[in-house]
Amino acid sequence: MSLAFGRHAMSIPGPSVIPDRVLQAMHIPAPNIYEGKLVDLTHSLLPDLKKMARTEGDVAIYISNGHGAWEASLANTLEAGDRVLVLYTGRFGRGWAEMAMSLGVDVQSMDFGTALPVDAEAVAETLRADTDHSIKAVLTVHTDTASSVRNDIPALRAAMTEAGHPALLMVDCIASLACEPFEMDDWGVDVMVAGCQKGLMTPPGLGFVFLNEKAKAARNRLTRVSGYWDWVPRIQPNLYYQFFGGTAPTHHLFGLREALTMLLEEEGLEAVWSRHALFARTIWAAIDTWAEGGNLSCNVVDPAHRSIAVTSVQTGEDEAGRLRRWCEDEAGLTLGIGLGLEAPDSHPGDSLFRIGHMGHLSPPMILGTLGTIDAGLKTLGISHGNGAVEAAIRTLSAG
Ligand SMILES: *Cc1c(COP(=O)(O)O)cnc(C)c1O
């Protein structure tokens with residue numbers, strides 16, 4: 001008997017759960033795009049987006065998903081033949097690198113596997129070897145959404161400084177912005193890319209590129225920049241439509257306004273970070289308990305290197321696939337699929353699933369997800385340690 005009734009639950013790492021208030025803010029007739037509310041609202045978004053990123057720099061908005069923000073960041077800083085160093089800690093660094101290659105950029109990569117963060121000292125060594133400074137930018141993800149590794153950005157910046165290398169530091173915060181602590185200016189990040197559909201709780205469709213003065217100088221070095229991706233008119237528009245390179249994403253802007261108000265004004269960014277950290281520990285407590293009696297475990301062993309927005313869970317062969325299927329069909333819960341980490345030795349068969357815990361979440365949602373997974377393990381006869389939900393509750397209650 002399927003029990004998949006009531007509101008369907010999503011525990012995937014983006015798009016994240018959209019608050020009803022954000023949906024309601026978008027449920028309006030088409031607004032005037034020349035003057036009035038929409039224009040004022042757009043101007044109010046910019047300082048709030050910068051507060052989110054902790055930067056005094058600029059932000060360019062694109063009508064795009066994260067892939068669009070990736071391309072925009074590259075189109076404004078690099079040209080064909082330039083070299084970049086891309087750091088892999090899962091799947092998403094590779095995606096950004098593939099985008100760079102499609103633009104004719106020469107990609108040098110360092111692969112840190114699928115369960116460990118970037119080794120900053122090794123990066124410093126590579127940069128020191130680049131004596132003629134042919135590497136124009138170092139690209140990394142903050143949180144790799146496939147492996148759920150979180151990279152230490154200040155350590156990476158320190159390594160670049162120590163190596164005396166002038167490359168730009170470009171960071172993908174698509175999964176982490178508004179979930180994980182991030183300090184663009186203090187950490188010395190030159191370019192940061194983000195999207196609206198993860199921590200920012202808005203339907204997919206807005207991409208952001210944050211940039212500082214050093215990034216602007218890199219842009220000015222280029223002989224040609226694609227007219228649509230060029231960030232200059234977007235950060236210094238003479239006319240309203242130039243914010244978006246055309247018609248504004250009207251309804252998305254109303255949704256994002258509501259989300260930013262909820263996160264920055266009502267809850268407060270530090271409180272948002274703390275809530276994500278507590279929910280992450282709650283989820284890990286359950287996984288550690290399951291691990292005591294079966295094959296389940298967190299993909300990232302050291303909690304200090306784990307994202308607090310998404311957790312990748314290793315299982316025995318095919319167990320992840322069976323569990324996801326049961327949760328989806330029988331219990332109305334969608335879990336994240338394993339993404340791009342398949343390898344016969346480390347991740348055989350369908351042996352990885354992900355719990356997204358970013359954005360608009362509460363204890364009933366987190367405990368509901370964990371309780372449903374626990375019920376699935378029992379129903380399917382997948383061996384696991386008992387008492388996972390109890391362990392989660394203890395962690396949650398301890399605060
Ligand atoms: C989701 C995600 C992307 C891709 O974003 P899309 O909106 O799917 O294009 C890129 N990087 C990271 C870290 C992500 O989590």
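## A loop with a cis bond

Proline 15 sits in the loop that joins strand S1 (9–11) to helix H1 (20–26). Helices (H or I, at least four residues) and strands (E, at least two) are DSSP runs, numbered from the N terminus. The peptide bond that leads from glycine 14 to proline 15 is cis, and its omega is near -5°. For background, most peptide bonds are trans, and most residues other than glycine have a negative phi.

Before we go on, please keep in mind that this is a predicted model, in which local features need pLDDT of at least 70, side-chain atom pairs count only at pLDDT 80 or more, and totals for chains, interfaces and linings use all residues. Residues are numbered from 1 along each chain as its sequence is written, and side-chain values use heavy atoms, with hydrogens and water left out.

## Two residues with positive phi

Arginine 54 is not a glycine, yet its phi is positive, at about 55°. Look for arginine 54 in the loop between helix H2 (37–53) and strand S2 (58–63).

You will find methionine 201 in the loop between strand S9 (191–195) and strand S10 (206–211). Methionine 201 has a relative accessible area of 2%, so it is buried.

## Alanine 194 and its neighbours

Strand S9 holds alanine 194, which is buried at 0% relative accessibility. Which residues does alanine 194 touch, leaving aside residues up to four places away in sequence? They are Ala69, Cys173, Ile174, Leu177, Leu206, Gly207, Phe208 and Phe210, where contact means heavy atoms within 4.5 Å. Alanine 194 and leucine 46 are 148 residues apart along the chain, and their C-alpha atoms are separated by 14 Å.

## Helices H5 and H6

Helix H5 (residues 120–129) packs with helix H6 (residues 153–162) at an angle of about 30°, and their axes are 8 Å apart. That makes H5 roughly parallel to H6. The axes are lines fitted to C-alpha atoms, for helices over the stretch in contact, and angles run from 0 to 180 degrees between N-to-C directions. Angles under 35 degrees count as roughly parallel, over 145 as roughly antiparallel, 65 to 115 as roughly perpendicular and the rest as oblique.

On the H5 side, Ala120, Glu121, Val123, Ala124, Leu127 and Arg128 meet Ala155, Leu156, Ala159, Met160 and Glu162 in H6. Sorted by class, this contact of H5 with H6 has 8 nonpolar, no polar and 3 charged residues. The classes are nonpolar (Ala, Val, Leu, Ile, Met, Phe, Trp, Tyr, Cys and Pro), charged (Asp, Glu, Lys and Arg) and polar (the others, Gly among them).

## Aromatic pairs

Rings of Phe, Tyr and Trp (its six-membered ring) pair if their centres lie within 6.5 Å; planes under 30 degrees apart count as stacked, over 60 as edge-to-face and the rest as tilted. By this rule there are 6 aromatic pairs. In one of them, the rings of phenylalanine 182 and tryptophan 187 have centres 5.3 Å apart and planes at 75°, so this pair is edge-to-face. Phenylalanine 182 is buried, with a relative accessible area of 1%, and tryptophan 187 is buried at 17%.

Tyrosine 240 and phenylalanine 243 form an edge-to-face aromatic pair, with 5.8 Å centre to centre and 70° between the planes. Both tyrosine 240 and phenylalanine 243 are buried. Ring pairs also link Tyr62, Tyr228 and Trp229 into a cluster.

Notes. Buried < 20%, exposed > 50% of the residue type's maximum accessible area, 1.4 Å probe, protein only.
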